[in-house]
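Here's a quick briefing to read alongside the model.

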Amino acid sequence: MSRPRNHTRVQIPPRIKGFIPIGYYSRTSEPVQLNIEEYESIRLLDYEGLSQVEASEIMEVSRPTLTRIYERARRKIAEALTEAHQLIIEGGTAIYNGEWYECTDCYCKFNNPSGHIIYNCPLCSGTRMHILSN
Amino acid sequence: MKAAIPVNSDTNEALISVRFARSPYLAVVDTEKSAFEIIENAYNKMHSGAGRSIIEFLVTIKQVNTIIAYELGLNIQQKALQKKIQLIILKEKEISLKQLLKLLRLNQ
């Protein structure tokens with residue numbers, strides 16, 4: 001039996017839940033699932049332009065582990081782009097830095113650094129929200 | 001709550017700026033006093049370290065405890081989490097300061 005994967009640290013939740021192919025009129029195929037830590041590796045390495053050593057420190061994993069996460073992420077994105085699959089960003093072993101919530105009234109995402117119980121969205125004062133992480 | 005919002009110009013019709021540290025102006029909104037001011041971002045031309053410098057300025061000089069933005073750079077995220085600043089990530093970038101003030105129920 002393989003060893004369970006260690007948790008990786010993610011700073012901010014992804015903005016969206018995934019992508020759908022445009023101009024593909026065939027029956028919807030099985031979506032490709034990009035884990036949150038795979039998304040984070042793409043964000044840190046390709047969007048922020050960090051080195052693998054810097055990104056691995058932020059995600060609190062070893063450099064070789066980050067390389068494997070990044071390779072998986074690229075393979076999945078390539079598969080989704082080439083084969084016209086939906087890409088769903090969810091799951092994996094990532095944990096966020098602190099608690100993150102999504103308001104279901106204004107759809108903003110916010111964290112809770114004070115640790116106090118939150119009753120209202122800090123932006124719109126709405127009461128409907130769900131936690132994204134612990 | 002005292003929040004900083006990156007904006008493209010110095011009027012309340014201004015759209016929010018996509019990158020926080022590189023925005024030309026920042027609106028500092030005080031929801032308890034129901035007041036806001038727009039200040040020029042003196043750090044946006046810095047070659048590097050703009051994110052860290054602007055957070056330091058906002059926390060120490062303006063007593064900001066919340067950041068409202070569409071996108072935050074890595075340095076800003078790290079510094080803000082370190083300083084226990086609340087981050088509010090907006091769902092859209094085509095939103096004006098006026099609309100945000102309305103959401104925050106601020107009398108203009």
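This is a predicted model: local features need pLDDT of at least 70, side-chain atom pairs count only at pLDDT 80 or more; totals for chains, interfaces and linings use all residues.

On bookkeeping, residues are numbered from 1 along each chain as its sequence is written, chains are lettered from A and ligands numbered from 1 in the order in which they are written, and side-chain values use heavy atoms, leaving out hydrogens and water.

**Helix packing in chain A**

- α1(A) covers residues 36-47 and α2(A) covers residues 52-59; the two pack at about 135°, with axes 10 Å apart (helices are DSSP runs of H or I, at least four residues, and strands are E runs of at least two; axes are lines fitted to C-alpha atoms over the stretch in contact, with angles from 0 to 180 degrees between N-to-C directions).
- That angle makes α1(A) oblique to α2(A) (under 35 degrees is roughly parallel, over 145 roughly antiparallel, 65 to 115 roughly perpendicular, and the rest oblique).
- On the α1(A) side, the contact (heavy atoms within 4.5 Å) uses Glu37(A), Glu40(A), Ser41(A), Leu44(A) and Leu45(A), while α2(A) brings Gln52(A), Ala55(A), Ile58(A) and Met59(A).
- After α1(A) comes Gly49(A), with a positive phi near 75°.

**Gln78(B)**

- Gln78(B) sits in helix α2 of chain B, residues 74-82, and touches Gln11(A) and Ile58(A), leaving aside residues up to four places away in sequence.
- Its relative accessible area is 31%, so Gln78(B) counts as partly exposed (between the buried cut-off and the exposed one, which is over 50%).

**Aromatic pairs**

- Over all chains there are two aromatic pairs (ring centres within 6.5 Å; planes under 30 degrees apart are stacked, over 60 edge-to-face, the rest tilted).
- Tyr101(A) and Phe110(A) are stacked, because their ring centres are 5.5 Å apart and their planes at 15°; both residues are buried.
- Tyr43(B) and Phe57(B) make a tilted pair, at 5.9 Å centre to centre and 50° between the planes.
- Tyr43(B) lies in the loop between β3 and α1 of chain B and Phe57(B) in that helix α1, so the pair ties together parts 14 residues apart in sequence.

Notes: Buried means under 20% relative accessible area, exposed over 50%, partly exposed in between (1.4 Å probe, protein chains only). Rings of Phe, Tyr and Trp (its six-membered ring) pair if their centres lie within 6.5 Å; planes under 30 degrees apart count as stacked, over 60 as edge-to-face and the rest as tilted.
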